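Hi,

Here's the structure I promised to pass on.

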Amino acid sequence: MHYDELVDLLVKKIKNLDYVKEFQQAEEALMANQELFKSQDEMKALQKEAVLYQKIGKIQAYKKTSQAAQMIEKRIKHHPLVEDYATKLEDVNDLVQYITGELEEKVNLFLGTGE
C-alpha cells in the first residue's frame with residue numbers, strides 16, 4: 001500500500017471511532033450556540049475595558065468590569081455544552097498524542113535512530 005493510502009485509511013479509522021464522532025457532535029453543538037459566542041465577545045470587551053481602566057488608574061471601574069468579565073467567563077466555562085466539549089476534546093487529544101507517539105517510534109525504528 002502507498003503512504004497516502006495508508007494515511008487515508010488511518011484517518012478513516014479514526015473518524016469512525018465512537019468517541020471521535022461524539023467529539024464532532026459536541027463541537028457542532030457548541031459552534032451552533034450563538035449565545036455562547038455573544039457572551040464570549042462581551043467578556044473580551046469587558047476584559048479590554050478593564051485593562052484600559054487599570055492603565056488610567058480608575059481602580060473602581062477596573063474592579064467592576066473585571067468582576068463582570070469573570071462572571072461571564074465562569075458562566076461560559078460551566079455551560080453544559082462547553083463542559084461536554086472539553087471532556088470529549090481531552091479524549092481525542094489523548095488519541096492524537098498516542099498516535100503521534102506510535103508514529104514517531106516507528107519512524108525512529110525505521111530510520112535506525114531508535115531512542
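Below is what turned up, starting with the core.

A quick word first: this is a predicted model, where local features need pLDDT of at least 70, side-chain atom pairs count only at pLDDT 80 or more, and totals for chains, interfaces and linings use all residues. Residues are numbered from 1 along each chain as its sequence is written, and side-chain values use heavy atoms, with hydrogens and water left out.

The largest nonpolar core has 14 residues. (Such a core is a set of buried Ala, Val, Leu, Ile, Met, Phe, Trp, Tyr and Cys residues joined through side-chain atoms within 4.5 Å; buried means under 20% relative accessible area, with a 1.4 Å probe and protein chains only.) Two or more residues each come from α2 (18–32), α3 (34–55), α4 (59–77) and α5 (80–111), and α5 gives the most, with 5. Helices here are DSSP runs of H or I, at least four residues, numbered from the N terminus.

Leu30 is among the residues with the most contacts inside that core. Leu30 touches Leu36, Phe37, Leu81, Val82 and Tyr85, leaving aside residues up to four places away in sequence; contact means heavy atoms within 4.5 Å.

Leu30 also belongs to the place where α2 meets α5. The residues of that contact split into 12 nonpolar, no polar and 5 charged. (Ala, Val, Leu, Ile, Met, Phe, Trp, Tyr, Cys and Pro count as nonpolar, Asp, Glu, Lys and Arg as charged, the others, Gly among them, as polar.)

Then there's Thr65, in α4: Thr65 is buried, at 8% relative accessible area.

Cheers

Technical notes: Buried means under 20% relative accessible area, exposed over 50%, partly exposed in between (1.4 Å probe, protein chains only).
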